[in-house]
Each structure stands twice: as C-alpha cells, then as structure tokens.
Amino acid sequence: MIIDCHGHYTTVPGSHTRWRDEQRAAFEAGVAPPPYPEISDDEIRESVQDSQLRLMDERGVDLTIFSPRASAMAHHIGDESVSALWARRCNDLVARVVGLYPDRFAGVGQLPQSPGVGIERSIGELRRCVTELGFVGVNLNPDPSGGNWTSPPLTDRSWYPFYEAMIELDVPAMVHVSATTNPNFHSTGSHYLNADTTAFMQFLESDLFRDLPGLRFVIPHGGGAVPYHWGRFRGLADMLGRPEPAESLLGNVFFDTCVYHQPGIDLLFAVIGPDNILFGSEMVGAVRGIDSRTGQYFDDTRRYVDNVALRPESAAAVYEANARRVYPRLDRQLTAAGR
C-alpha cells in the first residue's frame, strides 16, 4: 500500500472560494457574512475525480492524507471568529470528500488560529476534527500572522495545552504555514521552506520532547534546509550544549518527500534515513508543472523515491508503515477496514 502523507484540497468547488471572498468582504464592512452555499456531492466528486484521484491512480497512490488548502488557511485574515468559521467550513468540506471516498482519503484538519489568540482556543476544533469528523491529524501554523512571526516559538510553554490535547487524542501535527503578507517572502518558494527550517531549529534548542515525549510532528517539504545543512545543525547543537539532533529529535520529528528533483531526494535519504521519512507529494499543490529535463511532473515524487533503490523493508516503511506509525488513528482505520 502506498500512502501519500501530504495532500491538500486545492480543487474545491468555486462556490466555497467565493464564499470565502464574501466572508472577508463582510468582515471589512463590519457586517455578517452571507450563508454558506449548498454544495452537492456531485460537485465534490467533480472537484477531485479528474484531479486528485486521477493523479493518484496514474502514480499508483492508494490513499492520501488530505487537508484543506494550506495557502488558503490565511489565519491573518479577519479575527478569531472569521478564522473559526472558515476552519469549520474547510474541515467539513474535507470530511465530505473522505465520506465519499473513504478508501482513498483520510482527513487532516485546519485550525482556527488567529494572530494574538492563544493556541488553546484551537483545542475545541482539534477535538471536533478527531472525535466527530474522524480526522487523523492536524496542520499547525507556527506563524498565523502571515509572515511577520508574531507568535512565540513552537517550543514555548504557551503551546503545551494544545500539545497535551494532541497526545491525549493520539494525533500528530504537520507544521505548515499559510500564505504570507510579507513581500519579502514568496509563500511557497521561501516562506514554507523558512518555516520548516525554523521549526526544526526551535525544536533543537528546546527540551520540548523531554517534557512531552508522546508528541509527534511532520516537517513537510523534505524539512526545508534541514537535510542539506545537517552538519550545521549538528555543529550548532554542539555549540549550544544540546544533544545530537538524531538522538534528541528524530524520535518525534519526521519528514516527507515533497522534494521535486532526484538529487534532493537522494540527499534526504542519505542524511535522514528511511525510518523518519514519510512518502508525500503535496499534489495538487505548489509545483504543478512538467520538468522540461525529465518530461515528468515535478510533484510525481514516487518516481524519485523509487529511484533511490531502497531495500524492500525500507521502501515499505516509507510508503506505508511510517505513516501508520506516525498517524496511529489512520492505522486503526485501515486495520478496521482490513487493509
């Protein structure tokens, strides 16, 4: 079985996106947003059949861990009430996709984060996603301000109540920022990768996993700069009097394969190793074009992973077992379905 740990609902029905525009305009005008539109099951089927599902079939992916579109989370828009309603609508829509295609998708939730609002205020939606919608994880934004980084580091104790709820519910979080309003940063080209790297360094400097050993994070996009600069992180750990990153972090931190060229994938596996890597593609996502050098889609990451020539047991871990281990609720769902 091949599980893609990183998929976003980027092909939502147009009425969902239009309602978001109306919600934002209503907030700016100081009035209530219009009612959320009726979206039929047929509209949802149409939105995924010729995109996500077709590509999964073409690339041999059995199941995708599926979440709302990351760049559209936009926690910086409006206030807490705006983010809470938007998160609920996005999560409910993903849940409908999962309900229509339970053998192909597993849900991951968006949180109602908002700048200046404590993360503990997101625990309620976390619980709803897991206990009511059957989701297997959440996306956690370390920068709900949209590129201004006004929140405390992920290792600050203000995050601990949320982490304790994650441990209680036995779900991981993918560390995933959203769009940026800061013109210095391209959202997917630099802001995403900066955040991945920043999160890892915050973890390295802290005792977070000593305090909360049951906590699990997936750092996407191959870990940003982490594998490429592993020697720098090891050296910084030594200078700071911290333990080796492999010893202190890799029991709790995992990486995906959303790296869009063969040398990058080769480096990821050489440095991190298959025990901490989950197959992921981010499709349909940030990079949708065809590589002129190969004639293949950039985000067809299975081709790169297959070319690493892993041992069968390592390939099985990357493609399936690691996802089931990091997302134990997914494992239980699959086991109950005889998979």
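Which elements do the buried residues of α13 pack against? They pack against β1 (3-9), β2 (63-68), β3 (105-109) and α12 (312-326), contact meaning heavy atoms within 4.5 Å. The model is predicted: local features need pLDDT of at least 70, side-chain atom pairs count only at pLDDT 80 or more, and totals for chains, interfaces and linings use all residues. Residues are numbered from 1 along each chain as its sequence is written, and side-chain values use heavy atoms, with hydrogens and water left out.

Helix α13 spans residues 328-336, and its buried residues are P328, L330 and L334. Buried denotes under 20% relative accessible area, exposed over 50%, and partly exposed in between (1.4 Å probe, protein chains only). Helices (H or I, at least four residues) and strands (E, at least two) are DSSP runs, numbered from the N terminus. G338 follows α13 and has a positive phi, near 75°.

A helix pair comes next. The axes of α1 (residues 14-29) and α3 (residues 80-100) come within 11 Å and cross at roughly 170°. Axes are lines fitted to C-alpha atoms, for helices over the stretch in contact, with angles from 0 to 180 degrees between N-to-C directions. The crossing makes α1 roughly antiparallel to α3 (over 145 degrees). From α1, the residues H16, W19, R20, Q23 and F27 meet V82, L85, W86, R89, C90 and L93 of α3. The residues of this contact divide into seven nonpolar, two polar and two charged. Ala, Val, Leu, Ile, Met, Phe, Trp, Tyr, Cys and Pro count as nonpolar, Asp, Glu, Lys and Arg as charged, and the others, Gly among them, as polar.

The structure holds 22 salt bridges, each a side-chain nitrogen of Lys or Arg within 4 Å of a carboxyl oxygen of Asp or Glu. One of them joins R128 to D92, with the closest N and O atoms 2.9 Å apart. R128 lies in α4 (residues 123-132) and D92 in α3, so the pair ties together parts that are 36 residues apart in sequence. R128 is buried at 7% relative accessible area, whereas D92 is partly exposed at 23%.

D211 pairs with R157 at 3.2 Å between the closest N and O atoms. D211 is partly exposed, at 30%; R157 is exposed, at 58%. D50, R54 and E58 are linked in a salt-bridge network.

How values were computed:
Angles under 35 degrees count as roughly parallel, over 145 as roughly antiparallel, 65 to 115 as roughly perpendicular and the rest as oblique.
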